[in-house]
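Hi there,

Here is the structure I promised to pass on to you. Have a look at it first, and then read my notes below.

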Amino acid sequence: MQYIYENFTFPPDQSFTIRSEHLEIKDHMTLKSHMNFEIALIENCSGKRFIGDHIRDFDGTELVLLGSYLPHCWQYHPQQHTAQPPLATVIHFYPDFLGKQLLKKPEARQLNTLFENAARGVLFHGPTLTAAKNIMQEMLFQSGLAKAAMMLRLLDVLAQSEHAEILSSPYFNAVENLGEANKINKVFDYIFCNFREEIILQEVADLIPMSSAAFCRFFKRKTNRTLIDFVKEVRIGHAAKLLLEGHHNVAEACYQSGYNNISNFNKHFKDIKGLAPRDFIKRYNEHTAFIHS
């Protein structure tokens with residue numbers, strides 16, 4: 001999995017952007033993050049979503065709000081029962097796109113809570129999804145003040161939603177500025193590219209660069225994890241993905257995820273997922289069978 005940082009520039013006549021595009025089905029995944037907030041409406045496809053440390057299957061239409069610097073991507077494929085192509089409608093914005101004073105108003109209390117939750121990713125469903133989809137589709141054909149008014153209406157719908165789910169663990173809400181984002185991104189990129197190999201603390205610290213002791217403090221402060229714990233989570237997350245795809249047995253998933261000891265792998269897997277690998281697969285298969293029954 002690749003990991004990249006995106007830097008968006010808004011047109012001089014716009015304080016936020018909205019676009020709709022057909023999704024290209026790819027064999028590889030690219031985990032992305034960026035400074036601006038994002039609202040993503042995904043339609044006519046299924047697969048897996050990756051939001052911070054959250055990994056879960058999705059099917060059909062979904063709406064997600066993402067905060068600044070939150071790593072994310074979707075692994076998708078067309079749905080078999082629809083002739084419609086996979087489609088994404090995406091809004092990029094900053095919370096203060098209409099001015100910092102707006103967020104200081106008493107009427108913006110729910111909006112500020114929404115933006116705080118966005119740091120971990122928020123999934124909307126039910127009536128909220130339907131209402132937001134209708135607004136976003138209409139926004140595509142609006143401009144100027146009319147489009148800005150619809151953006152406020154959309155945010156109000158999301159802020160008042162009773163059909164929302166926070167996705168990622170709190171430790172991904174850790175980056176406060178672009179400099180820190182670049183440092184964290186370097187570390188994440190290195191781990192995602194090399195987790196199958198031995199990870200040496202000083203080699204990772206040299207990326208920033210810092211002493212090993214200073215790096216440990218920095219990384220723990222910014223992620224609420226030690227480097228060892230983070231690598232463990234990445235490895236187990238990858239192993240779980242391999243197991244759920246159904247093309248690898250437990251031993252293969254173990255060795256392709258950076259482990260060389262089945263016993264150690266099983267212990268770490270249960271520590272993170274709460275189940276032994278075989279029990280994890282069994283529960284997933286039972287859940288899938290129930291959904292499609």
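Which residue just after α7 takes a positive phi? That is Gly-246, with a phi of about 85°. Before going further, please note that this is a predicted model, in which local features need pLDDT of at least 70 and side-chain atom pairs count only at pLDDT 80 or more, while totals for chains, interfaces and linings use all residues. Residues are numbered from 1 along each chain as its sequence is written, and side-chain values use heavy atoms, with hydrogens and water left out.

Let's stay with helix α7 (residues 227-245). Helices (H or I, at least four residues) and strands (E, at least two) are DSSP runs, numbered from the N terminus. Helix α7 has 19 residues and reaches 27 Å from its first C-alpha to its last, close to the expected 27 Å; the expected span is 1.5 Å times one less than the number of residues. Of the 19 residues in α7, 15 are buried (under 20% relative accessible area, with a 1.4 Å probe and protein chains only).

Now for the aromatic rings. A search of the whole structure finds ten aromatic pairs. Rings of Phe, Tyr and Trp (its six-membered ring) pair if their centres lie within 6.5 Å; planes under 30 degrees apart count as stacked, over 60 as edge-to-face and the rest as tilted. Phe-37 and Phe-115 are edge-to-face, at 5.5 Å centre to centre and 80° between the planes. Phe-37 lies in strand β4 and Phe-115 in helix α1, so this pair ties together parts that are 78 residues apart in sequence.

Phe-215 and Phe-219 form a stacked pair, 5.6 Å centre to centre with 25° between the planes. Both lie in helix α6 (residues 212-223), four residues apart, about one turn of the helix. An α-helix has 3.6 residues a turn, so residues three or four places apart point the same way.

Finally, how do α1 and helix α3 (residues 144-159) pack, and at what angle? Their axes are 9 Å apart, at an angle of about 75° (axes are lines fitted to C-alpha atoms, for helices over the stretch in contact, and angles run from 0 to 180 degrees between N-to-C directions). That makes α1 roughly perpendicular to α3, a term for angles of 65 to 115 degrees.

Enjoy exploring!

Key. Buried < 20%, exposed > 50% of the residue type's maximum accessible area, 1.4 Å probe, protein only. Parallel < 35°, antiparallel > 145°, perpendicular 65-115°, else oblique.
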